[in-house]
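Subject: Handover of a structure

Dear colleague,

I am passing on the structure below, and after it you will find what I noted when going through it. Please read the notes alongside the coordinates.

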Amino acid sequence: MSELAHLLPAVQARIDRARQEPGLCAVLVVRLRGMREAQLRHGYEFGDEIMLAARERIVGVVRHVDLVYLATDDSFLIVLPTVRNRTHALLAATRIVGAIDDTPLVHGDRNWHGRAVVGVALCPPHGTDAELLFRRAELAHDEAVRIGEPFACYEPESTPVEILYGELRDDIAANKLDVMFQPLYDLRRGKVVSVESLARWKTSAYGEVPPSDFVPFAERSDLIVPLTRWSLNASLRHAAALHRGGRPLDVAVNLSPRVFAEQGFAEQLLGALDIWGVPADSVIVEITETALLTDLDMSVRVLRRLRDRGIRVAIDDFGTGYASFAYLRHFPATELKIDRTFVDAMVSDARTEQVVRAMIEVAHRLGLEAVAEGVENEETLKRLEAMNCDMVQGYHIGHPMPAEEFVAQRLATVGAHPVGDIFSR
Ligand code: C2E
Ligand code: CA
Ligand code: CA
């Protein structure tokens, strides 16, 4: 946000001036999708050059009076001081999208084929304050991404995210989210050894919002920090109950690497373990392969600290990102979770089965445990077992269920060992 803070006064001044004339004024946020990844793969200099080239393209298709600012590493803030109406502003957005999407941007001998997504907010209908207009243009951008369109205009009615922000913030603070536990079954030891903690959020207005919606939303705002804190504490509280009840299980929590940037995150996590009395070596943090790459150095630093204290680290959704063997070699992981898209397809597709076999082998050669997620039937389980996969997770073993209920059921089976349910496995 810091570059933006410098920009806003200039944008405000331009808006104020524009308002003395008839017509509307538009604020556009243009984000180049895939820019972050390009920077991480090819370096920041490459990223900067591509952004400069993109800026030139944009300047070429807007009018002389329009202002084009570089806002962040991957986005531009554009002010169109005089537009006739909403359509007029959206036409400018289309031209910008075309200017970026139609021909790859070039730096040196490298091409970059990215995609622009534009969010539009209008002044005065959507506000007169530069910061508010920028945020609303951002919300429109997010909505465009969500519906898969190259651009969108802010709609007070149909952009639910703004309302969601307040509701999610309040519900986290009021401890109104739920934790589900899903069991992981150890094929060698022949029993359930751990659970993955999965967050659930029920809202009054939208019903159940899936984590695939609200977690990325929290990641883009500052809510990921309180969400993570909540999720850690809630998961550890239930894990502690299992320990106290004499039927302990390891617990895996999903972490967004954005929280690694927060000062003292590792200490906070270790502190929470102390508070709940859960041993560090019974906790696994899961980081997705893709997310890891967004800030590899920082992630590695924090994860090393956690590893040193005995916490285990799983690479989640393995196979869906761009992880290279080079980084896997140095990464402080203890397990590799093979993405469920591979596991799901392995029975019907021989090549996919070979890919899964290779992933298990890679895991083992690197000294990691191989975990297959999304195991939905016995056939898949049998094949994974034959491939020496260490652990399996999926509907065939058990669906995620409210942690409270999971703990109660597991503790109810102390001593007794009913056949056929997941607790006796
Ligand atoms: P994930 O870490 O890959 O979690 C596994 C997801 O697969 C869960 O979806 C789970 O319900 C689902 N699943 C489990 N077994 C099967 C199966 O056999 N077949 C199929 N088709 N699906 C199965 P869910 O709960 O919707 O979570 C989605 C994602 O949201 C998670 O993916 C995780 O990345 C993220 N997430 C969930 N809770 C949290 C949290 O507290 N913090 C963070 N940062 N992320 C979370
Ligand atoms: Ca996970
Ligand atoms: Ca996963």
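In this predicted model, Asp 316 bridges the calcium ion (ligand 2) and the calcium ion (ligand 3), which lie 4.1 Å apart. The calcium ion (ligand 2) is coordinated at 2.1 to 2.3 Å by Glu 196 (OE), Asn 254 (OD1), Glu 286 (OE) and Asp 316 (OD), where donors are N, O and S atoms within 2.8 Å of the metal (3.2 Å for Na, K and Ca), and since water is not among the atoms, sites may look incomplete. Along the chain, these donors follow the spacing E-x57-N-x31-E-x29-D. Because Glu 196 lies in strand 9 (residues 191-203) and Asn 254 in strand 11 (residues 250-254), the pair ties together parts that are 58 residues apart in sequence; strands (E, at least two residues) are DSSP runs, numbered from the N terminus.

As for accessibility, Glu 196 is buried, with a relative accessible area of 5%, whereas Asn 254 is partly exposed at 29% (buried means under 20%, exposed over 50%, partly exposed in between, with a 1.4 Å probe and protein chains only).

Strand 11 also holds Asp 250, which is buried at 18% relative accessible area. Leaving aside residues up to four places away in sequence, Asp 250 touches Val 193, Ser 194, Val 195, Ser 282, Ile 284 and Arg 312, a contact being heavy atoms within 4.5 Å.

Residues are numbered from 1 along each chain as its sequence is written, while chains are lettered from A and ligands numbered from 1 in the order in which they are written. Local features need pLDDT of at least 70 and side-chain atom pairs count only at pLDDT 80 or more, while totals for chains, interfaces and linings use all residues, and side-chain values use heavy atoms, with hydrogens and water left out.

Best regards

Notes: Helices (H or I, at least four residues) and strands (E, at least two) are DSSP runs, numbered from the N terminus.
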